[in-house]
Amino acid sequence: AAENTKVKAVVFDFGGVIAKSDHKEIADFIAKSLQISPEEAAEASAQLKSQSAEGDSELKFWIAYANSK
């Protein structure tokens, strides 16, 4: 059955219309993962948002950020 399944739709939730994200929970996860403060993680997330708006890759941002620490 799975091999016959076709994707019928892909949904992008820009702006949190369908699902809300808990920014504190995300910052806490980033902080723990990168061993930085939650405040620094929140700042990094803001930088990511700015760079993503300019078309930069999220993956490239986090790799560069992690390598800078």
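Helix H2 supplies six residues to the lining of the largest pocket, the largest share from any element. The model is predicted, so local features need pLDDT of at least 70 and side-chain atom pairs pLDDT 80 or more, while totals for chains, interfaces and linings use all residues. Residues are numbered from 1 along each chain, and side-chain values use heavy atoms, without hydrogens or water.

The largest pocket holds about 660 Å³ of space. Of its 19 lining residues, Ser 21, His 23, Ile 26, Ser 45 and Lys 49 are the closest to the centre. Two or more lining residues come from each of H1 (23-34), H2 (38-53) and H3 (58-67). The lining has nine nonpolar, six polar and four charged residues. A pocket here is an open set of points on a 1 Å grid where a 1.4 Å probe fits, with protein on both sides within 12 Å along at least five of seven lines; lining residues have an atom within 4 Å of a point. Helices are DSSP runs (H or I) of at least four residues.

Phe 61, Trp 62 and Tyr 65 are its buried residues. Seen down the axis of H3, they fall within an arc of 90 degrees, so they line one face of the helix. The arc is taken from the directions from the helix axis to the C-beta atoms. H1 and H2 are among the elements that cover these buried residues. On the other side of H3, Leu 59, Lys 60 and Asn 67 are exposed. Buried means under 20% relative accessible area and exposed over 50%, with a 1.4 Å probe and protein chains only. At the start of H3, a side-chain oxygen of Ser 57 lies within 3.2 Å of the backbone nitrogen of Leu 59.

Definitions and conventions: Grid points are joined across faces, edges and corners, and a volume is the space filled by probe spheres set on the points. Ala, Val, Leu, Ile, Met, Phe, Trp, Tyr, Cys and Pro count as nonpolar, Asp, Glu, Lys and Arg as charged, and the others, Gly among them, as polar. Contact means heavy atoms within 4.5 Å. A polar contact is a pair of N or O atoms within 3.5 Å; within protein, one must be able to donate a hydrogen and the other to accept it, and residues adjacent in sequence count only if both atoms are side-chain atoms.
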